[in-house]
Amino acid sequence: MADEFAHLIEADQHIAGAKERIVRQRQLIERLAAGGHSVREAEGFLFALSGVLSAFERHRFLILKQLQP
């Protein structure tokens, strides 16, 4: 059970990190667009980061299910 709690903490850290990266990527996209630059690749990367966040959240859900009695 202790391993599951450790994995839950790690999953929470991964989720928080992914959310921070998404915020920074959105800010970058805004700056690029304001400067008249193409944002296509930056938006593609944002899409990929969103997928990573979803995977982390699904993993967290699975950990929580294992912790249920």
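Helices here are DSSP runs of H or I with at least four residues, and strands are E runs of at least two, numbered from the N terminus. This is a predicted model, where local features need pLDDT of at least 70, side-chain atom pairs count only at pLDDT 80 or more, and totals for chains, interfaces and linings use all residues. Residues are numbered from 1 along each chain as its sequence is written, and side-chain values use heavy atoms, with hydrogens and water left out.

**Exercise 1.** Find out where Gln 25 lies and whether Gln 25 is buried or exposed.

*Solution.* Start with the helix: Gln 25 sits in H1. Next, check the cut-offs: buried is under 20% relative accessible area, exposed is over 50%, and partly exposed is in between (1.4 Å probe, protein chains only). Gln 25 has a relative accessible area of 10%, so it's buried. Finally, look for contacts, meaning heavy atoms within 4.5 Å. Skipping neighbours within four places in sequence, Gln 25 is in contact with Ala 42, Phe 45, Leu 46 and Leu 49.

**Exercise 2.** Work out how H1 and H2 pack.

*Solution.* Axes are lines fitted to C-alpha atoms, for helices over the stretch in contact, and angles run from 0 to 180 degrees between N-to-C directions. For H1 and H2 the angle is about 160°, and the axes are 9 Å apart. Now compare with the classes: under 35 degrees is roughly parallel, over 145 roughly antiparallel, 65 to 115 roughly perpendicular, and the rest oblique. So H1 is roughly antiparallel to H2.
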